[in-house]
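Morning, everyone. Let me put the model up, and then we'll go through a few pieces of it.

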Amino acid sequence: MIFGYIRVSTDKQTVENQRFEIINYCNCNGYSVDDWIEETISGTKSYSKRALGLLLKKVQKGDYIICAELSRLGRNLFMIMEILNICMQKECIVLTIKDGYKLGDDIQSKVLAFAFGLSAEIERNLISQRTKEALAKKRADGIILGRPVGRKSSVTKLTGKEEIIEKLLCKGIKKVKIAKKLKVHRNTLSKFIIEHKLNARCIVTNNVN
């Protein structure tokens, strides 16, 4: 089977250019696409959550995946390497037109895969090193990193549920039942109610009514 893979990042981009390139390549090299896979999605999205993921599960030994360029498979080197590794394990051949790559289970492909892998490792190490240097500089400048000691996050499981809690309180429902309904400890609920003065709001509402 020969699969033509087309990916665009937005619906404003046309798939026709990629399709034309693939068809023209096939005509010049004696291939014929059996099935087309097209999707409009960012290349940063995990391939497992794309149509490409289903294609990788579907391909078998001797199948071809033809795409306009390597970047159509993914937007970062790590992801592309993982995809190519899957294809090599399945003995599926990847053809990229603009890059001129033919990646399969031959020695040339393995050399290219090693080169890609080495580049990915170098890139990862460089990113890690830059991050460490930036953090070290901030520490040297006296900047406190992370959340200050003793300070808790302002976002909790109950954040955004103030209105729900308030309505339940105004209906006279006990805090124990409300806590159970919202899947938190009753002490957590009580503290949240006090901090956001939900009891006071309920009293005001009842007096107005």
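Ground rules. This is a predicted model, where local features need pLDDT of at least 70, side-chain atom pairs count only at pLDDT 80 or more, and totals for chains, interfaces and linings use all residues. Residues are numbered from 1 along each chain as its sequence is written, and side-chain values use heavy atoms, with hydrogens and water left out.

The pair. Helix α5 covers residues 162–170, and helix α7 covers residues 186–195. Helices here are DSSP runs of H or I, at least four residues, strands are runs of E, at least two, and both are numbered from the N terminus. The two pack at about 100°, axes 12 Å apart. So α5 is roughly perpendicular to α7, a label for angles of 65 to 115 degrees. Axes are lines fitted to C-alpha atoms over the stretch in contact, and angles run from 0 to 180 degrees between N-to-C directions.

Who touches whom? Glu-162, Ile-165 and Leu-169 in α5 meet Leu-189, Phe-192 and Ile-193 in α7. Contact means heavy atoms within 4.5 Å.

Next, α2, residues 51–58. Its buried residues (under 20% relative accessible area) are Leu-52, Gly-53, Leu-55 and Leu-56. They fall within an arc of 160° seen down the axis, so they line one face. That arc uses directions from the helix axis to the C-beta atoms. They pack against β1, β2, β3 and α3. The face turned away carries Leu-54 and Lys-57, both exposed, meaning over 50%.

Last, Thr-96, in strand β4. Buried or exposed? Buried, at 3% relative accessible area.

Conventions
Angles under 35 degrees count as roughly parallel, over 145 as roughly antiparallel, 65 to 115 as roughly perpendicular and the rest as oblique. Buried means under 20% relative accessible area, exposed over 50%, partly exposed in between (1.4 Å probe, protein chains only).
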